[in-house]
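Here's a quick tour for anyone meeting this structure for the first time. Have a look at it below, then read on.

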Amino acid sequence: MLFGMYVIFHGHYSPGGGFQGGALLASSIILIRIAMEEKVHQLHFNKAYGIPLGAVGVLIFFGVGFISLIMGGYFLDYSLLPFPGMITAELRFYGILLIEVGVGLAVMTILVAIYDNLLEEDDDESI
Amino acid sequence: MKYLTFMSIGVFALLLIYAAYGLPYRGDPNALVNQEISLTGTPVASSYYIENAMKDANTPNMVTTVLGDYRAFDTLGEEVVIFAAGIICFLLLNRERKREARKQ
């Protein structure tokens, strides 16, 4: 999980980014689900949060784009984000970081949600 | 029919291998992809990215700048595709489960 965070937040300096980091985070959660029994593995990440948190991730991305649209620029034009006291290059830096966090959150939660749905199907068939 | 399938696959593989010999070498500075001016005489977008990625976004990794800034709309589409995959999985599996429960 720590490595997944590292991959997301160091996407500016080394290979990586939201998709790869999100997949690593999802793999950490799914490994816990494989290893533990049913009562325990939901403690870290309840399966009811899967789809809603994915929607939040998409909305972070879309919201960052839409804020810059409201501030008078183009869609996803980070140079107009309303953070005070920053030059254009820094604003774009943090804009990219924000959307990478959104992508990572969405990828992680959606992968875990797909795993949960498939697993529920298996449980029903075994009963 | 089976032999026809295998033969068509083999012919297509040979065709692809033959086409791969015509590709320029990786990192060849004289290849058409790496020129600053395209065939039609207009400047290529990638040279702009290479020159201005560090200046524009303060980011040493050029790939991140292209993915997150210049082509951010494409990345938004990718994320929406993943989200749609999750939602479709959820809806489809839940519907199957409900139908089975109704039968019993």
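Chain A has an average pLDDT of 77, and 83% of its residues score at least 70; pLDDT is the predictor's confidence in each residue, from 0 to 100. This is a predicted model, where local features need pLDDT of at least 70, side-chain atom pairs count only at pLDDT 80 or more, and totals for chains, interfaces and linings use all residues. Residues are numbered from 1 along each chain as its sequence is written, while chains are lettered from A and ligands numbered from 1 in the order in which they are written.

## What chain A is made of

Chain A has four helices and zero strands. Helices (H or I, at least four residues) and strands (E, at least two) are DSSP runs, numbered from the N terminus.

Of the 127 residues in chain A, 41% count as buried, meaning 20 or more other C-beta atoms, placed from the backbone, lie within 10 Å of a residue's own. In helix 2 of chain A, the buried ones include Phe19(A), Leu24(A), Leu25(A) and Ile29(A).

## Where the chains meet

On chain B, 25 residues are in contact with 30 residues of chain A; contact means C-beta atoms, placed from the backbone, within 7 Å. Helix 4 of chain B brings the largest share of chain B's side, 15 residues.

Definitions and conventions:
Contact = placed C-beta atoms within 7 Å. Buried ≥ 20, exposed ≤ 12 C-beta atoms within 10 Å, placed from the backbone.
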